[in-house]
Amino acid sequence: VFLSSIGACAGYFALAFCQQRGIDTAGMKLTASFDRDEKTHRLNTVVLDLKLPEGFPEKYRKAIVRSMDQCSVKRTIQDPPQFEVVTS
């Protein structure tokens, strides 16, 4: 669920980026993979790989990555909130 939320969020930003510019997204595909520490079971690395569609404008390659970097799930992990676990 955790990785799915990151992928869905980054994918949303990639889709919005293309829609705002009228770029066809047919063939676009996003995959998420990860590397984790076997002892702690914590993630070491998350890789989001966006396969760009045929004919994607070269001038937008870096810009779409910057757009995906705006994913609020990813940004929250980078600057995490405090968590409180309570019962009621």
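Let's start with Y12, which is exposed at a relative accessible area of 54% (exposed means over 50%, buried under 20% and partly exposed in between, using a 1.4 Å probe and protein chains only). F13 counts as partly exposed, with 24% relative accessibility. The rings of Y12 and F13 are edge-to-face, because their centres are 5.6 Å apart and their planes stand at 85 degrees (rings of Phe, Tyr and Trp, the last by its six-membered ring, pair if their centres lie within 6.5 Å; planes under 30 degrees apart are stacked, over 60 edge-to-face and the rest tilted).

This is a predicted model, where local features need pLDDT of at least 70 and side-chain atom pairs pLDDT 80 or more, while totals for chains, interfaces and linings use all residues. Residues are numbered from 1 along each chain as its sequence is written, and side-chain values use heavy atoms, leaving out hydrogens and water.

## A pair across the chain

The rings of F17 and Y60 also form an edge-to-face pair, with centres 5.6 Å apart and planes at 85 degrees. F17 belongs to helix α1 and Y60 to the loop between β2 and α2, 43 residues apart (helices, H or I of at least four residues, and strands, E of at least two, are DSSP runs numbered from the N terminus). F17 is buried at 4%, whereas Y60 is partly exposed at 22%.

## A charge joins in

R21 lies over the face of F17, 3.7 Å from the ring centre. The charged end of R21 also sits over the ring of Y60, at 5.5 Å from its centre (here CZ of Arg or NZ of Lys must be within 6 Å of the ring centre and within 35 degrees of the ring normal).
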